[in-house]
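Me: Got a chain here I'd like to go through with you. Can we take it piece by piece?

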Amino acid sequence: MKLSYEGLLASLIAVIVIGLAYSTKSGKGSLAVSILLLGVLMVYALNRYYNSRVGRIEDERTEMISTKSTRNAFAVISIILFAEYLWEYSNGNTETATKLLIPLTLGVIALVVSQYWYERVM
């Protein structure tokens, strides 16, 4: 029985979600981080394996699409971090909220640099 890429990816994501749900419910933070990192590495390895069999097309258009996708991903992550910051700050947990400012600031800097580079190239 041959599993397709989508089937393997869905199974892997399901295992990651179930593992994260269990580890966070049981209060095992190190297990949650380990599951997340291992899951990300396994998804990366799966993508590398399946993409190695396909010839890659490189031109300006694909490079611009990749750049725009990365920029959009940074924007989504920044929005999620800001929402988490607001949630923590509104609940009175200022220490955690302050720690969230570091990745939030780095994300904003990455967005500004990406936008500048994208506009310069276009």
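What follows is a quick chat about the fold, the surface, the charges and a few residues.

Me: What kind of model is this?
Reply: It is a predicted model.

Me: OK. How many helices and strands are in the chain?
Reply: The chain has 4 helices and 0 strands. Along the sequence the pattern reads α-α-α-α.

Me: What radius of gyration does the chain have, against a compact globule of 122 residues?
Reply: The chain has 18 Å. A compact globule of 122 residues would be near 14 Å.

Me: And what box do the C-alpha atoms fill?
Reply: Roughly 50 × 50 × 15 Å, along the principal axes.

Me: What share of the residues is buried?
Reply: Buried residues make up 17% of the 122.

Me: How about the accessible surface, what does that come to?
Reply: About 9,600 Å² for the chain. Carbon and sulfur atoms hold 68% of that surface.

Me: Contacts next. Of those with a separation of 6 or more, what part comes from residues 24 or more positions apart?
Reply: Those pairs account for 56% of such contacts in the chain.

Me: Switching to charges. How many positive and negative side chains are there?
Reply: There are 11 positive and 9 negative side chains. The centres of the two sets lie 8 Å apart.

Me: How many salt bridges does the count come to?
Reply: The count comes to 1 salt bridge. K99 pairs with E95, and their closest N and O atoms are 3.6 Å apart. That pair qualifies because the cut-off for a salt bridge is 4 Å.

Me: Where do K99 and E95 sit relative to each other?
Reply: Both are in helix α4, which covers residues 94–121. They are 4 residues apart, so about one helical turn separates them.

Me: Is that pair buried or exposed? Start with K99.
Reply: K99 is exposed, at 55% relative accessible area. E95 is exposed too, at 54%.

Me: Staying in helix α4, what about P103? Which class of accessibility does P103 fall in?
Reply: P103 lies in that helix. At 32% relative accessibility, P103 is partly exposed.

Me: How far is P103 from I77?
Reply: Their C-alpha atoms are separated by 9.5 Å. Along the chain the two are 26 residues apart.

Me: Now Y85. Which helix is Y85 in?
Reply: Y85 is in helix α3, residues 60–90.

Me: Is Y85 buried or exposed?
Reply: Buried, at 17% relative accessibility. The label applies because buried means under 20%.

Me: What does Y85 touch, leaving out residues up to four places away?
Reply: A97, L100 and L101.

Me: And how far apart are Y85 and R61?
Reply: They are 36 Å apart, C-alpha to C-alpha. In sequence the two are 24 residues apart.

Me: What is S23 in contact with, beyond its neighbours within four places?
Reply: S23 contacts K28, L31, A32 and I35.

Me: How far is the S23 C-alpha from that of I35?
Reply: The C-alpha atoms are separated by 8.6 Å. S23 and I35 are 12 residues apart along the chain.

Methods: Residues are numbered from 1 along each chain as its sequence is written. This is a predicted model: local features need pLDDT of at least 70, side-chain atom pairs count only at pLDDT 80 or more; totals for chains, interfaces and linings use all residues. Side-chain values use heavy atoms; hydrogens and water are left out. A salt bridge is a side-chain nitrogen of Lys or Arg within 4 Å of a carboxyl oxygen of Asp or Glu. Helices (H or I, at least four residues) and strands (E, at least two) are DSSP runs, numbered from the N terminus. Buried means under 20% relative accessible area, exposed over 50%, partly exposed in between (1.4 Å probe, protein chains only). The radius of gyration is taken over C-alpha atoms; the globule rule is 2.2 Å times the number of residues to the power 0.38. Contact means heavy atoms within 4.5 Å. Accessible areas come from the Shrake-Rupley method with a 1.4 Å probe; for residues, only the protein chains shown count as cover. Lys and Arg count as positive and Asp and Glu as negative; His and the chain ends are not counted. The place of a charge is taken as NZ of Lys, CZ of Arg, CG of Asp or CD of Glu.
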